[in-house]
Amino acid sequence: MSKFTLRLVFAWMLASLATMSFGAPQGAQKAPDQPPPRGQFRPGEMMSGTIASVGVDRIEIKSEDGASHIVLVSDQTRYRQGEQEIQLEDLKPGDRVFARGQTDANKQFTATTVRRVTEEEMQRSQAGREGGPPGGFQGERLGGEILSIEGNQLKVRTRMRGEVIVVVNDKTTFMKEGQAITLKDLKVGDRIFAAGKEADGKFVAERVMTGQFGRRQ
């Protein structure tokens, strides 16, 4: 074998070694199908219930079955009510919320969004589940906070309609969480749901309910 041929073979061997040592793309040694790192979240999870307590980094929520759940929050969590942005400090025990987020490998649920449900949204949700308004009433309805009670008239502050006068009479029925009550059991500050109809600029109630609207009547 000539010296020229030996040189060619030697050059080819050097080139092959260089390719094996340095020619692979950076990071190519990582397995393309390796599992996601610990703590990888699953998208689209949701939790709902009534707030039991609010902390600096967590919210305790009780679901309808009475179970308690911890929802972790961070500076990345967004809070909303209707179309408005709110803050963690605006939430309080008794508020009904929906939390969307992810559960990590340690089974901790961290919320990306927490939405506080308004009375109107609760009523629409209840109506949708039962095929009509709570209690099977087919008619107009409103919900809000009692501002004053004068005789047979309740002044109610609603989110969508402002202040509305709700008139009750001897045919009006009153309920609290499935139990019959009377007008005397209502007080200023109570949140109510009224079913009835408009008449002469006032809302004549056939049924007035208070308590947890999420329960079936």
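Trainee: Is D200 buried or exposed?

Mentor: D200 counts as exposed because its relative accessibility is 82%, where exposed means over 50% relative accessible area, buried under 20% and partly exposed in between, with a 1.4 Å probe and protein chains only. Keep in mind that this is a predicted model, in which local features need pLDDT of at least 70 and side-chain atom pairs count only at pLDDT 80 or more, while totals for chains, interfaces and linings use all residues. Residues are numbered from 1 along each chain as its sequence is written, and side-chain values use heavy atoms, with hydrogens and water left out.

Trainee: Where is D200 found?

Mentor: D200 is in the loop between β13 (191–199) and β14 (202–210); strands here are DSSP runs of E with at least two residues, numbered from the N terminus. Although D200 is not a glycine, its phi is positive, at about 55°.

Trainee: What about K107, what is its phi?

Mentor: The phi of K107 is near 65°, again a positive value in a residue other than glycine. K107 sits in the loop between β6 (96–103) and β7 (109–116), and it counts as exposed because its relative accessibility is 75%.

Trainee: Changing topic, which strands does β2 pair with?

Mentor: Strand β2 pairs with β1 (residues 45–54) in the antiparallel sense over 4 bridges, and with β3 (residues 68–72), also antiparallel, over 5 bridges; two strands pair if DSSP finds at least two bridges between them.

Trainee: How many residues lie between the strands of each hairpin?

Mentor: There are 3 residues between β1 and β2, and 5 between β2 and β3, where G66 in the turn has a positive phi of about 90°.

Trainee: And which residues of β2 are on the covered face?

Mentor: In β2 (residues 58–62), I59 and I61 make up the covered face, whereas R58, E60 and K62 are on the uncovered one.

Trainee: What pLDDT does the chain average?

Mentor: The average is 75, and 67% of the residues score at least 70, pLDDT being the predictor's confidence in each residue, from 0 to 100. Over residues 126–138 the pLDDT is below 50, yet this stretch has 27 contacts in the model beyond near neighbours in sequence, a contact meaning heavy atoms within 4.5 Å.
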